[in-house]
Amino acid sequence: MLVSLAWSSLASRRKSVILTFLSLLISISVLLSVEHIRQQAKESFNRTISDVDMIVGAPSGELNLLLYSVFRMGSPTSNINYKSYETLKGSSLVKWAIPISLGDSHRGFRVMGTNNSYFDHFKYGTKQPLTFSSGQPFNTLFEAVIGADVAKKLNYKIGDSVVIAHGIGNTSFTHHDNTPFIIKGILSPTGTPVDKTIHVSLNAIEAIHLSPAKQAKLLNNVDSVNTTPESITAVMLGLKSKFSTFKLQRDINNYKADRLMAVLPGVAMAELWQMMATVENLLRIIGILVLVSSLFGLSTMLLASMAQRKNEIAVLRVLGAGPSVIFSLVLVEALILVVLATAVATGLLSLTLWLLADWLGATYGLFLSANVLNLETLKVIGVITIAAIVTSAIPAYEAYKNALHSSLGSKS
(Lines give C-alpha, C1' and ligand atoms only; values in the text may rest on other atoms or scores of the structure.)
Protein backbone atom coordinates (compact mmCIF):
# COMPACT_ATOMS: atom_id res chain seq x y z
CA MET A 1 0.00 0.00 0.00
CA LEU A 2 2.86 2.37 0.88
CA VAL A 3 4.56 1.71 -2.46
CA SER A 4 1.30 2.25 -4.34
CA LEU A 5 0.70 5.51 -2.49
CA ALA A 6 4.26 6.68 -3.17
CA TRP A 7 3.89 5.86 -6.87
CA SER A 8 0.65 7.84 -7.11
CA SER A 9 2.28 10.78 -5.34
CA LEU A 10 5.21 10.75 -7.77
CA ALA A 11 2.83 10.54 -10.74
CA SER A 12 1.03 13.66 -9.56
CA ARG A 13 4.34 15.57 -9.78
CA ARG A 14 5.54 13.92 -12.97
CA LYS A 15 7.35 16.89 -14.56
CA SER A 16 9.80 17.51 -11.71
CA VAL A 17 10.03 13.76 -11.04
CA ILE A 18 11.00 12.99 -14.65
CA LEU A 19 13.79 15.60 -14.56
CA THR A 20 15.06 14.20 -11.27
CA PHE A 21 14.86 10.66 -12.65
CA LEU A 22 16.92 11.64 -15.72
CA SER A 23 19.52 13.28 -13.51
CA LEU A 24 19.77 10.13 -11.41
CA LEU A 25 19.86 7.94 -14.52
CA ILE A 26 22.81 9.85 -15.97
CA SER A 27 24.79 9.94 -12.72
CA ILE A 28 24.21 6.26 -11.90
CA SER A 29 25.08 5.30 -15.50
CA VAL A 30 28.34 7.26 -15.21
CA LEU A 31 29.26 5.64 -11.91
CA LEU A 32 28.39 2.10 -13.03
CA SER A 33 30.20 2.66 -16.34
CA VAL A 34 33.34 3.90 -14.60
CA GLU A 35 33.35 0.97 -12.18
CA HIS A 36 32.59 -1.67 -14.80
CA ILE A 37 35.00 -0.31 -17.41
CA ARG A 38 37.69 0.09 -14.73
CA GLN A 39 37.42 -3.61 -13.89
CA GLN A 40 37.12 -4.75 -17.49
CA ALA A 41 39.92 -2.46 -18.70
CA LYS A 42 42.22 -4.04 -16.15
CA GLU A 43 41.27 -7.49 -17.42
CA SER A 44 41.65 -6.35 -21.05
CA PHE A 45 45.04 -4.91 -20.19
CA ASN A 46 46.04 -8.26 -18.74
CA ARG A 47 44.67 -10.01 -21.84
CA THR A 48 46.97 -8.14 -24.23
CA ILE A 49 48.94 -11.33 -24.10
CA SER A 50 47.31 -14.63 -23.18
CA ASP A 51 48.51 -18.17 -22.54
CA VAL A 52 52.18 -17.11 -22.41
CA ASP A 53 53.71 -18.47 -19.20
CA MET A 54 57.05 -16.68 -19.30
CA ILE A 55 59.02 -14.02 -21.16
CA VAL A 56 62.81 -14.30 -21.23
CA GLY A 57 65.16 -11.47 -22.14
CA ALA A 58 68.31 -9.69 -21.04
CA PRO A 59 68.32 -8.33 -17.45
CA SER A 60 66.75 -4.86 -17.69
CA GLY A 61 63.90 -4.86 -15.18
CA GLU A 62 60.60 -6.72 -15.35
CA LEU A 63 58.56 -3.74 -16.55
CA ASN A 64 61.04 -2.78 -19.25
CA LEU A 65 61.11 -6.34 -20.60
CA LEU A 66 57.31 -6.45 -20.58
CA LEU A 67 56.96 -3.07 -22.28
CA TYR A 68 59.24 -3.70 -25.24
CA SER A 69 58.38 -7.37 -25.79
CA VAL A 70 54.58 -7.14 -25.43
CA PHE A 71 53.62 -3.48 -25.90
CA ARG A 72 56.44 -2.57 -28.34
CA MET A 73 57.35 0.41 -26.15
CA GLY A 74 60.90 1.44 -25.42
CA SER A 75 64.03 -0.41 -26.45
CA PRO A 76 65.93 -3.38 -25.03
CA THR A 77 69.19 -2.57 -23.29
CA SER A 78 70.83 -5.68 -24.78
CA ASN A 79 70.03 -8.93 -26.56
CA ILE A 80 70.34 -12.59 -25.64
CA ASN A 81 72.24 -15.24 -27.58
CA TYR A 82 70.35 -17.18 -30.21
CA LYS A 83 71.80 -20.35 -28.71
CA SER A 84 69.99 -19.50 -25.46
CA TYR A 85 66.71 -19.52 -27.39
CA GLU A 86 67.55 -22.93 -28.85
CA THR A 87 68.40 -24.23 -25.37
CA LEU A 88 65.09 -22.96 -23.99
CA LYS A 89 63.17 -24.39 -26.92
CA GLY A 90 64.73 -27.80 -26.31
CA SER A 91 64.00 -27.83 -22.59
CA SER A 92 61.87 -30.74 -21.35
CA LEU A 93 59.71 -28.21 -19.46
CA VAL A 94 58.94 -26.03 -22.50
CA LYS A 95 56.03 -26.81 -24.81
CA TRP A 96 56.71 -24.07 -27.34
CA ALA A 97 58.95 -21.00 -27.74
CA ILE A 98 58.45 -17.80 -29.76
CA PRO A 99 61.61 -15.81 -30.57
CA ILE A 100 61.38 -12.01 -30.89
CA SER A 101 63.82 -9.62 -32.52
CA LEU A 102 63.20 -5.85 -32.40
CA GLY A 103 65.07 -2.73 -33.46
CA ASP A 104 63.75 -1.72 -36.90
CA SER A 105 60.66 0.10 -38.09
CA HIS A 106 58.61 1.18 -41.08
CA ARG A 107 57.02 4.63 -41.17
CA GLY A 108 56.64 4.71 -37.39
CA PHE A 109 55.44 1.11 -37.01
CA ARG A 110 57.64 -1.41 -35.22
CA VAL A 111 59.11 -4.34 -37.13
CA MET A 112 59.37 -7.63 -35.27
CA GLY A 113 61.41 -10.61 -36.37
CA THR A 114 60.00 -13.99 -35.38
CA ASN A 115 59.07 -17.35 -36.92
CA ASN A 116 55.86 -19.17 -37.73
CA SER A 117 55.50 -20.45 -34.17
CA TYR A 118 54.31 -16.91 -33.41
CA PHE A 119 51.23 -17.38 -35.60
CA ASP A 120 50.66 -20.86 -34.18
CA HIS A 121 50.96 -20.15 -30.46
CA PHE A 122 50.61 -16.44 -29.68
CA LYS A 123 47.20 -15.62 -28.15
CA TYR A 124 45.44 -12.54 -26.86
CA GLY A 125 42.12 -11.75 -25.14
CA THR A 126 40.57 -14.92 -23.74
CA LYS A 127 43.12 -17.23 -25.38
CA GLN A 128 42.11 -16.08 -28.86
CA PRO A 129 44.57 -17.11 -31.62
CA LEU A 130 45.79 -14.79 -34.35
CA THR A 131 43.81 -15.03 -37.57
CA PHE A 132 44.35 -13.63 -41.05
CA SER A 133 41.88 -11.28 -42.68
CA SER A 134 43.70 -12.00 -45.94
CA GLY A 135 46.83 -13.82 -47.07
CA GLN A 136 48.92 -16.23 -45.03
CA PRO A 137 52.12 -16.39 -42.91
CA PHE A 138 55.46 -15.58 -44.52
CA ASN A 139 57.21 -18.54 -46.20
CA THR A 140 60.26 -17.07 -47.90
CA LEU A 141 62.96 -14.69 -46.67
CA PHE A 142 61.64 -11.33 -47.83
CA GLU A 143 57.95 -11.70 -47.04
CA ALA A 144 56.07 -9.83 -44.31
CA VAL A 145 52.83 -10.10 -42.35
CA ILE A 146 51.33 -6.82 -41.20
CA GLY A 147 48.87 -5.91 -38.45
CA ALA A 148 45.41 -4.51 -39.11
CA ASP A 149 46.32 -0.91 -38.14
CA VAL A 150 49.35 -0.92 -40.43
CA ALA A 151 47.22 -2.03 -43.37
CA LYS A 152 44.49 0.49 -42.58
CA LYS A 153 46.62 3.57 -41.95
CA LEU A 154 49.12 2.99 -44.76
CA ASN A 155 46.51 1.57 -47.14
CA TYR A 156 48.53 -1.59 -47.76
CA LYS A 157 47.26 -4.75 -49.39
CA ILE A 158 48.61 -8.17 -50.27
CA GLY A 159 51.50 -7.90 -52.75
CA ASP A 160 52.62 -4.38 -51.80
CA SER A 161 56.28 -3.84 -50.97
CA VAL A 162 57.64 -2.53 -47.66
CA VAL A 163 61.08 -1.01 -47.08
CA ILE A 164 62.31 -1.37 -43.50
CA ALA A 165 64.34 1.35 -41.81
CA HIS A 166 66.91 1.01 -39.06
CA GLY A 167 65.79 2.33 -35.68
CA ILE A 168 62.34 2.91 -34.19
CA GLY A 169 61.67 6.59 -34.90
CA ASN A 170 59.13 8.01 -37.35
CA THR A 171 62.04 9.43 -39.36
CA SER A 172 65.10 7.34 -40.22
CA PHE A 173 68.11 8.12 -42.35
CA THR A 174 69.07 4.47 -42.86
CA HIS A 175 66.71 2.50 -45.07
CA HIS A 176 67.26 -1.08 -46.26
CA ASP A 177 66.28 -0.24 -49.84
CA ASN A 178 68.11 -3.23 -51.33
CA THR A 179 65.84 -5.70 -49.57
CA PRO A 180 62.16 -4.72 -49.87
CA PHE A 181 59.59 -7.04 -48.33
CA ILE A 182 56.45 -8.24 -50.05
CA ILE A 183 53.30 -8.29 -47.92
CA LYS A 184 52.16 -11.89 -47.72
CA GLY A 185 49.43 -11.64 -45.07
CA ILE A 186 47.30 -9.17 -43.12
CA LEU A 187 46.18 -10.10 -39.60
CA SER A 188 42.64 -9.58 -38.33
CA PRO A 189 42.18 -6.74 -35.78
CA THR A 190 43.02 -7.70 -32.19
CA GLY A 191 42.98 -4.36 -30.35
CA THR A 192 46.54 -5.11 -29.15
CA PRO A 193 50.04 -3.97 -30.23
CA VAL A 194 49.94 -6.79 -32.80
CA ASP A 195 47.81 -4.49 -34.98
CA LYS A 196 50.63 -1.95 -35.14
CA THR A 197 53.43 -4.42 -35.93
CA ILE A 198 55.10 -5.60 -39.12
CA HIS A 199 56.20 -9.22 -38.76
CA VAL A 200 59.10 -10.70 -40.69
CA SER A 201 61.28 -13.76 -40.19
CA LEU A 202 64.31 -13.80 -37.89
CA ASN A 203 66.51 -14.67 -40.86
CA ALA A 204 65.18 -11.65 -42.72
CA ILE A 205 66.19 -9.34 -39.85
CA GLU A 206 69.71 -10.78 -40.12
CA ALA A 207 69.68 -10.54 -43.92
CA ILE A 208 68.84 -6.84 -44.14
CA HIS A 209 71.89 -6.05 -42.01
CA LEU A 210 74.33 -8.00 -44.21
CA SER A 211 76.73 -6.38 -46.62
CA PRO A 212 75.38 -5.44 -50.08
CA ALA A 213 77.40 -8.24 -51.67
CA LYS A 214 75.87 -10.90 -49.44
CA GLN A 215 72.41 -9.40 -49.93
CA ALA A 216 72.87 -9.67 -53.68
CA LYS A 217 73.67 -13.38 -53.28
CA LEU A 218 70.51 -13.83 -51.22
CA LEU A 219 68.41 -12.11 -53.84
CA ASN A 220 69.92 -14.44 -56.44
CA ASN A 221 68.96 -17.46 -54.29
CA VAL A 222 72.50 -18.37 -53.35
CA ASP A 223 72.32 -20.76 -50.40
CA SER A 224 75.84 -20.23 -49.10
CA VAL A 225 74.91 -17.09 -47.15
CA ASN A 226 74.21 -17.80 -43.48
CA THR A 227 71.25 -15.77 -42.13
CA THR A 228 70.95 -17.42 -38.74
CA PRO A 229 70.96 -14.60 -36.18
CA GLU A 230 73.57 -14.47 -33.44
CA SER A 231 71.23 -12.78 -30.98
CA ILE A 232 67.56 -11.97 -30.47
CA THR A 233 65.63 -9.62 -28.19
CA ALA A 234 63.41 -11.96 -26.16
CA VAL A 235 61.62 -15.31 -26.08
CA MET A 236 58.02 -16.08 -25.14
CA LEU A 237 57.53 -19.49 -23.57
CA GLY A 238 54.58 -21.82 -23.12
CA LEU A 239 55.20 -24.52 -20.55
CA LYS A 240 54.03 -28.13 -20.46
CA SER A 241 52.99 -27.75 -16.82
CA LYS A 242 52.21 -24.65 -14.77
CA PHE A 243 53.79 -26.35 -11.76
CA SER A 244 57.23 -26.05 -13.36
CA THR A 245 56.98 -22.25 -13.75
CA PHE A 246 58.99 -21.20 -10.73
CA LYS A 247 61.60 -23.93 -11.16
CA LEU A 248 62.23 -22.88 -14.77
CA GLN A 249 62.29 -19.21 -13.80
CA ARG A 250 64.93 -19.91 -11.16
CA ASP A 251 67.00 -22.00 -13.62
CA ILE A 252 66.85 -19.25 -16.26
CA ASN A 253 67.84 -16.51 -13.84
CA ASN A 254 70.81 -18.64 -12.77
CA TYR A 255 71.79 -19.61 -16.32
CA LYS A 256 75.60 -19.44 -16.64
CA ALA A 257 76.10 -19.39 -20.39
CA ASP A 258 74.17 -16.12 -20.93
CA ARG A 259 72.74 -13.23 -18.93
CA LEU A 260 69.02 -14.01 -18.85
CA MET A 261 66.00 -12.79 -16.90
CA ALA A 262 62.63 -14.55 -16.84
CA VAL A 263 59.44 -12.69 -15.93
CA LEU A 264 55.87 -13.86 -15.49
CA PRO A 265 53.58 -11.70 -17.67
CA GLY A 266 50.68 -11.72 -15.19
CA VAL A 267 52.85 -10.56 -12.28
CA ALA A 268 54.57 -7.86 -14.35
CA MET A 269 51.26 -6.56 -15.70
CA ALA A 270 49.79 -6.36 -12.19
CA GLU A 271 52.79 -4.26 -11.16
CA LEU A 272 52.38 -2.03 -14.21
CA TRP A 273 48.65 -1.55 -13.50
CA GLN A 274 49.47 -0.39 -9.97
CA MET A 275 51.32 2.54 -11.50
CA MET A 276 48.01 3.63 -13.04
CA ALA A 277 46.14 3.60 -9.72
CA THR A 278 45.99 7.42 -9.58
CA VAL A 279 43.97 7.64 -12.81
CA GLU A 280 41.77 4.77 -11.65
CA ASN A 281 40.96 6.55 -8.36
CA LEU A 282 40.37 9.84 -10.18
CA LEU A 283 37.70 8.22 -12.37
CA ARG A 284 36.02 6.85 -9.27
CA ILE A 285 36.00 10.26 -7.58
CA ILE A 286 34.46 11.91 -10.64
CA GLY A 287 31.70 9.29 -10.74
CA ILE A 288 30.99 9.68 -7.01
CA LEU A 289 30.79 13.49 -7.28
CA VAL A 290 28.32 13.24 -10.16
CA LEU A 291 26.18 10.83 -8.11
CA VAL A 292 26.29 13.02 -4.99
CA SER A 293 25.14 16.05 -6.96
CA SER A 294 22.19 14.06 -8.35
CA LEU A 295 21.22 12.74 -4.92
CA PHE A 296 21.21 16.29 -3.58
CA GLY A 297 19.00 17.17 -6.53
CA LEU A 298 16.64 14.39 -5.46
CA SER A 299 16.62 15.72 -1.90
CA THR A 300 15.98 19.26 -3.14
CA MET A 301 13.07 18.10 -5.29
CA LEU A 302 11.46 16.31 -2.34
CA LEU A 303 12.02 19.31 -0.04
CA ALA A 304 10.55 21.71 -2.58
CA SER A 305 7.43 19.57 -2.80
CA MET A 306 6.78 19.73 0.95
CA ALA A 307 4.99 23.09 0.74
CA GLN A 308 2.70 21.72 -1.99
CA ARG A 309 2.00 18.51 -0.06
CA LYS A 310 0.63 19.98 3.17
CA ASN A 311 -2.92 19.17 2.10
CA GLU A 312 -1.84 15.66 1.06
CA ILE A 313 -0.20 15.09 4.44
CA ALA A 314 -3.27 16.45 6.24
CA VAL A 315 -5.54 14.04 4.34
CA LEU A 316 -3.26 11.13 5.19
CA ARG A 317 -3.33 12.15 8.83
CA VAL A 318 -7.13 12.23 8.80
CA LEU A 319 -7.10 8.72 7.33
CA GLY A 320 -5.02 7.56 10.30
CA ALA A 321 -1.46 7.70 8.93
CA GLY A 322 1.01 8.52 11.70
CA PRO A 323 4.10 10.74 11.33
CA SER A 324 6.29 7.64 10.95
CA VAL A 325 4.19 6.54 7.95
CA ILE A 326 4.65 9.96 6.34
CA PHE A 327 8.40 9.68 6.99
CA SER A 328 8.47 6.24 5.37
CA LEU A 329 6.40 7.45 2.41
CA VAL A 330 9.00 10.05 1.43
CA LEU A 331 11.81 7.50 1.76
CA VAL A 332 9.90 5.03 -0.41
CA GLU A 333 9.41 7.70 -3.08
CA ALA A 334 13.16 8.33 -3.16
CA LEU A 335 13.93 4.61 -3.27
CA ILE A 336 11.49 4.06 -6.14
CA LEU A 337 13.29 6.70 -8.20
CA VAL A 338 16.75 5.36 -7.35
CA VAL A 339 15.81 1.71 -7.97
CA LEU A 340 14.19 2.55 -11.31
CA ALA A 341 17.16 4.70 -12.37
CA THR A 342 19.58 1.94 -11.36
CA ALA A 343 17.63 -0.73 -13.25
CA VAL A 344 17.37 1.37 -16.41
CA ALA A 345 21.06 2.41 -16.17
CA THR A 346 22.13 -1.23 -15.81
CA GLY A 347 19.99 -2.29 -18.77
CA LEU A 348 21.20 0.53 -21.02
CA LEU A 349 24.85 -0.08 -20.10
CA SER A 350 24.55 -3.83 -20.78
CA LEU A 351 22.82 -3.22 -24.12
CA THR A 352 25.41 -0.64 -25.18
CA LEU A 353 28.34 -2.90 -24.31
CA TRP A 354 26.71 -5.84 -26.10
CA LEU A 355 26.19 -3.79 -29.27
CA LEU A 356 29.69 -2.26 -29.22
CA ALA A 357 31.65 -5.31 -28.01
CA ASP A 358 33.34 -6.15 -31.32
CA TRP A 359 34.11 -2.51 -32.15
CA LEU A 360 35.61 -1.77 -28.73
CA GLY A 361 37.76 -4.88 -28.88
CA ALA A 362 39.07 -4.26 -32.38
CA THR A 363 39.55 -0.49 -32.04
CA TYR A 364 40.66 0.05 -28.45
CA GLY A 365 41.57 -3.41 -27.23
CA LEU A 366 38.80 -3.27 -24.62
CA PHE A 367 37.19 -6.67 -24.25
CA LEU A 368 34.23 -5.58 -22.14
CA SER A 369 31.66 -8.02 -20.82
CA ALA A 370 28.01 -7.02 -21.29
CA ASN A 371 27.24 -8.59 -17.91
CA VAL A 372 27.33 -5.50 -15.70
CA LEU A 373 26.03 -7.23 -12.58
CA ASN A 374 28.99 -8.63 -10.66
CA LEU A 375 30.15 -8.46 -7.07
CA GLU A 376 31.86 -5.08 -7.45
CA THR A 377 28.98 -3.34 -9.23
CA LEU A 378 26.49 -4.83 -6.75
CA LYS A 379 28.55 -3.21 -4.00
CA VAL A 380 28.31 0.10 -5.86
CA ILE A 381 24.53 -0.29 -6.21
CA GLY A 382 24.34 -0.98 -2.48
CA VAL A 383 26.31 2.21 -1.73
CA ILE A 384 24.02 4.18 -4.06
CA THR A 385 20.94 2.87 -2.25
CA ILE A 386 22.33 3.73 1.18
CA ALA A 387 23.38 7.19 -0.01
CA ALA A 388 19.87 7.75 -1.41
CA ILE A 389 18.32 6.84 1.95
CA VAL A 390 20.68 9.19 3.82
CA THR A 391 20.10 12.17 1.53
CA SER A 392 16.33 11.55 1.46
CA ALA A 393 16.18 11.48 5.23
CA ILE A 394 16.22 15.31 5.29
CA PRO A 395 12.97 15.84 3.32
CA ALA A 396 11.49 12.76 5.05
CA TYR A 397 12.15 14.36 8.42
CA GLU A 398 10.60 17.61 7.16
CA ALA A 399 7.47 15.66 6.20
CA TYR A 400 7.54 13.98 9.62
CA LYS A 401 7.58 17.39 11.33
CA ASN A 402 4.72 18.66 9.16
CA ALA A 403 2.69 15.58 10.06
CA LEU A 404 3.50 16.02 13.74
CA HIS A 405 2.53 19.70 13.70
CA SER A 406 -0.66 18.80 11.85
CA SER A 407 -1.45 16.27 14.58
CA LEU A 408 -0.74 18.76 17.37
CA GLY A 409 -2.82 21.45 15.64
CA SER A 410 -5.81 19.14 15.31
CA LYS A 411 -5.64 18.25 19.02
CA SER A 412 -5.54 21.89 20.10
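Reply: Within helix α10 (residues 265–274), the buried residues are Pro265, Ala268, Met269, Leu272 and Trp273. Viewed down the axis of α10, these residues fall within an arc of 140°, so they line one face of the helix. The arc is taken over the directions from the helix axis to the C-beta atoms. An α-helix has 3.6 residues a turn, so residues three or four places apart point the same way. On the other side of α10, Gly266 and Gln274 are exposed. Buried here means under 20% relative accessible area and exposed means over 50%, with partly exposed in between (1.4 Å probe, protein chains only). Helices (H or I, at least four residues) and strands (E, at least two) are DSSP runs, numbered from the N terminus.

The model is predicted, so local features need pLDDT of at least 70 and side-chain atom pairs count only at pLDDT 80 or more, while totals for chains, interfaces and linings use all residues. Residues are numbered from 1 along each chain as its sequence is written, and side-chain values use heavy atoms, with hydrogens and water left out.

Now the wider setting. The protein chain has 14 helices and 15 strands. Of its 412 residues, 48% count as buried. The chain exposes about 20300 Å², of which carbon and sulfur atoms supply 61%; areas come from the Shrake-Rupley method with a 1.4 Å probe, and for residues only the protein chains shown count as cover.

Next, the cores. A nonpolar core is a set of buried Ala, Val, Leu, Ile, Met, Phe, Trp, Tyr and Cys residues joined through side-chain atoms within 4.5 Å. The largest has 34 residues, and Leu298 and Leu337 touch the most other members. At least two residues each come from α1 (2–12), α2 (14–46), α11 (277–304), α13 (323–364) and α14 (375–411). The most come from α13, which gives 13 residues. Apart from this core lies another, of 33 residues, including Ile55, Leu63, Leu130 and Leu187. Leaving out residues up to four places away in sequence, Leu298 is in contact (heavy atoms within 4.5 Å) with Thr20, Leu24, Ala334, Leu337, Val338 and Ser392.

Among the strands, β3 (residues 94–106) is mostly covered, with 11 of its 13 residues buried. Two strands pair if DSSP finds at least two bridges between them. β3 pairs with β14 (residues 234–239) in the antiparallel sense over 6 bridges, and Pro99 stands opposite Val235 there. With β4 (residues 109–114), β3 runs antiparallel and is joined by 4 bridges; Ser101 faces Gly113 across that pair. The hairpin of β3 and β4 has 2 residues between the strands, and in it Arg107 takes a positive phi near 50°. A further antiparallel pairing, over 2 bridges, is with β10 (residues 165–166), where Asp104 stands opposite His166.

Last, Glu143 is found in strand β8 (residues 143–146). Glu143 counts as buried because its relative accessibility is 11%. A polar contact of 3.1 Å joins its side chain to that of Thr140.

Terms used: Polar contact = N/O pair within 3.5 Å; in protein donor to acceptor, adjacent residues only side chain to side chain.
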